[in-house]
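Work through the exercises below with the sequence and the model open. Each task is followed by its solution in steps.

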Amino acid sequence: MRLEQTLFGVEFQNPILLAAGTCGFGEELGGVLNLGALGGIVTKSVTLEPRTGNAAPRVVEAGDAMLNSIGLANPGLERVLEEKLPWMKEHLADIRIFVSVAGHTPEEFWRIVEGLERAGGFLGYELNLSCPNDTRRGGLPFALDCEALREVVVGARQLTQRPLLVKLAPNVPDIGPVAEAAEEAGADGITLLNTMPGLIINLESKCAALGAGSGGLSGPALRAVGVHAVHRARACTTVPLVGVGGVTGTGDALQYLLAGASLVQIGTATFADPRAAQRVVAGIASYGERTGLESVTDLIGAYRAEGDAVSAHGGRL
Ligand code: RRO
């Protein structure tokens with residue numbers, strides 16, 4: 001089975017990417033897995049200024065999930081331009097790189113995109129409008145408010161010809177209209193989903209297990225939420241979708257493809273097994289051989305929804 005596909009005008013050698021926040025800028029993982037064997041990576045979210053992040057502990061296990069409050073720790077735009085992008089340009093030339101961008105205001109997003117535009121070493125952007133750990137001053141993440149989302153995306157669209165992904169949040173009543181708003185505002189692709197707000201309380205101290213209090217839940221517990229979101233977004237939009245949430249094995253990635261995702265990101269699983277993404281690429285290839293498919297694109301959106309119940313909002317559940 002051919003794993004390659006052309007998206008956003010370029011070829012992806014396979015549909016598996018590492019998710020934002022789980023691979024830094026690639027350097028840290030280079031020694032333990034062959035990044036060149038993947039479809040691509042999404043960098044840690046970049047902010048205008050460097051951020052040291054939230055109080056420790058920043059990550060705790062939660063049964064079938066993980067809760068994090070990293071707090072956007074990153075070196076900031078200038079060091080990304082000076083150090084990270086040149087490194088990626090030299091070492092990761094064969095894979096597709098999206099730079100994740102985060103800010104408190106629309107202007108911050110735009111200034112980062114403007115700053116990055118003069119650099120090489122990456123394909124496009126993933127606008128992180130959905131971080132649960134860095135809500136903009138007094139407000140909600142942009143992805144919880146379609147008008148706020150629209151403003152950021154429309155402005156960013158005017159600044160770049162590069163592919164623009166928009167990353168959405170799980171905690172909305174219906175992801176369909178949010179995905180529609182992202183497409184209408186100029187997104188070339190939509191990433192579904194970021195982590196889900198969560199809280200773990202330590203029974204001894206009666207304090208939060210995370211230093212910052214609440215955090216974002218990820219891992220297998222979130223997979224069905226992500227697959228459903230991709231299916232729902234597929235019904236409402238035409239741009240390529242990128243599925244993320246709870247992929248640990250081949251079958252999980254296949255579900256996202258069947259639901260309509262063209263690309264699949266692996267995040268939390270990499271912490272337990274740095275080679276998880278490589279394993280999934282090999283697993284998809286052998287699934288294709290076993291089932292006699294010609295191309296991975298034959299799988300995308302092949303979910304048979306005929307028997308689904310119809311939901312209250314008129315879409316299929
Ligand atoms: O850095 C974080 O705390 C973080 C980010 Br930017 C995000 O988008 N999602 C998440 O779960 N954590």
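Two strands pair if DSSP finds at least two bridges between them; strands (E, at least two residues) and helices (H or I, at least four) are DSSP runs numbered from the N terminus. The model is predicted, so local features need pLDDT of at least 70 and side-chain atom pairs pLDDT 80 or more, while totals for chains, interfaces and linings use all residues. Residues are numbered from 1 along each chain as its sequence is written, and side-chain values use heavy atoms, without hydrogens and water.

**Exercise 1.** Find the bridge partner of leucine 17 in E4.

Solution. Start with the strands: E3 (residues 16-18) pairs with E4 (residues 40-42) in the parallel sense over 2 bridges. Within E4, glycine 40 is the partner of leucine 17. Then place the pair: E3-E4-E7-E8-E9-E10-E13-E14 is a closed barrel of 8 strands with parallel pairing.

**Exercise 2.** Describe how H3 and H4 pack.

Solution. Two packed helices are described by the angle between their axes and the distance between the axes. Axes are lines fitted to C-alpha atoms over the stretch in contact, with angles from 0 to 180 degrees between N-to-C directions. The axes of H3 (residues 146-157) and H4 come within 8 Å and cross at roughly 25°. H3 is therefore roughly parallel to H4, a label for angles under 35 degrees. Last, list the contacts (heavy atoms within 4.5 Å): H3 contributes residues including Leu149 and Val153, and H4 residues including Val178 and Ala181.

Notes: Parallel < 35°, antiparallel > 145°, perpendicular 65-115°, else oblique.
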